[in-house]
Amino acid sequence: MRYDCLIVDDEKALSQSTCEFFNMFGIKTYWVADKASCFDFLSKNRVELILLDINLGQDSGFEICKELRRTMDVPILFISARRSDDDILLALNIGGDDYIQKPYSLNILMAKVKTVLKRYSSNGENNIVFGSFSLDLQREKLMQGANEIKLKAMEYKLLAYLVQNKNRTITKDELFQKVWGDVITSEGTLNVHIRRLREKIEENPNEPRFIKTVWGTGYVLESGF
């Protein structure tokens, strides 16, 4: 399931009120209170932005951010009562996109979130770039510069799902369900489509730069180039 925003904060009253406020204004939001719940939620859902507290009981928002940045490039906005310059600099240096001090105004926080979501959507959601390629989700076209790379319908659907979940390992079962809508699709069918995509986007399909095999699990499209 897709959400606009995930709040990771152990202040229950504040988090619930923020979540309810965002949802009331059309920003689909969910709230969790700790690291385990955060990663469990992200394993099952897709989010466009994360609001992340620093002090989370025995967990640290800094450590969560570092772990998230190994596999995700979703915008992360820190929300914290900590005010030292060292905390702010650390948060930004490890991958945070902004640092918002508590107590915050719900209206101002929502304005910041909407700005980030709009920027992320316009730059990433409809036109996703990886290497020299650009995937236009509105026109359903794969471009390399001014040239269109022709894809068959299922090749496009598979690539679009990989690109929209870039830098995240996707299991074969997830691809069967989300791309084919069929949990009993054969591995042979998936392998053929992966090979065809590699032949179209990889300089050397036998040593792929983008679509990597995660042995025993599935695939990941790496876009950090």
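The chain carries 31 positive and 32 negative side chains. The centres of these two sets lie 5 Å apart. The structure is a predicted model. The mean pLDDT of the chain is 89. A value of 70 or more is reached by 94% of the residues. Confidence is lowest in helix α5, residues 106-125, where the mean is 77. Confidence is highest in strand β2, residues 29-32, at 97.

In secondary structure, the chain has 8 helices and 14 strands. The radius of gyration is 19 Å, close to the 17 Å that the globule rule gives for 225 residues, so the chain is as compact as a globular protein of that length. Along the principal axes, the C-alpha atoms fill a box of roughly 55 × 35 × 35 Å. Of the 225 residues, 44% count as buried. The chain exposes about 11900 Å². Carbon and sulfur atoms supply 49% of that area. Contacts were also examined by sequence separation. Among those between residues at least 6 apart in sequence, 54% join residues at least 24 apart.

Two backbone features concern peptide geometry and phi. Most peptide bonds are trans, and most residues other than glycine have a negative phi. The peptide bond from Lys 102 to Pro 103 is cis. Its omega is near -5 degrees. Pro 103 sits in the loop between β7 (98-101) and α5.

Asn 167 belongs to the loop between α6 (153-164) and β12 (170-171). Its relative accessibility is 19%. Buried means under 20%, so Asn 167 counts as buried.

Lys 152 lies in another loop, between β11 (147-149) and α6. Lys 152 has a relative accessibility of 52%. Exposed means over 50%, so Lys 152 counts as exposed. In sequence, Lys 152 and Leu 142 are 10 residues apart. In space, their C-alpha atoms are 11 Å apart.

Note on methods:
Residues numbered from 1 in each chain as written. Predicted model: local features only at pLDDT ≥ 70, side-chain atom pairs only at ≥ 80, totals over all residues. Heavy atoms only, no water. Helix = DSSP H or I, 4+ residues; strand = E, 2+ residues; numbered from the N terminus. Rg over C-alpha atoms; globule rule 2.2 N^0.38 Å. Buried < 20%, exposed > 50% of the residue type's maximum accessible area, 1.4 Å probe, protein only. Contact = heavy atoms within 4.5 Å. Areas by Shrake-Rupley, 256 points an atom, 1.4 Å probe, with all protein chains shown as cover. Lys, Arg positive; Asp, Glu negative; His and termini not counted. Charge placed at Lys NZ, Arg CZ, Asp CG, Glu CD. pLDDT = per-residue confidence, 0-100.
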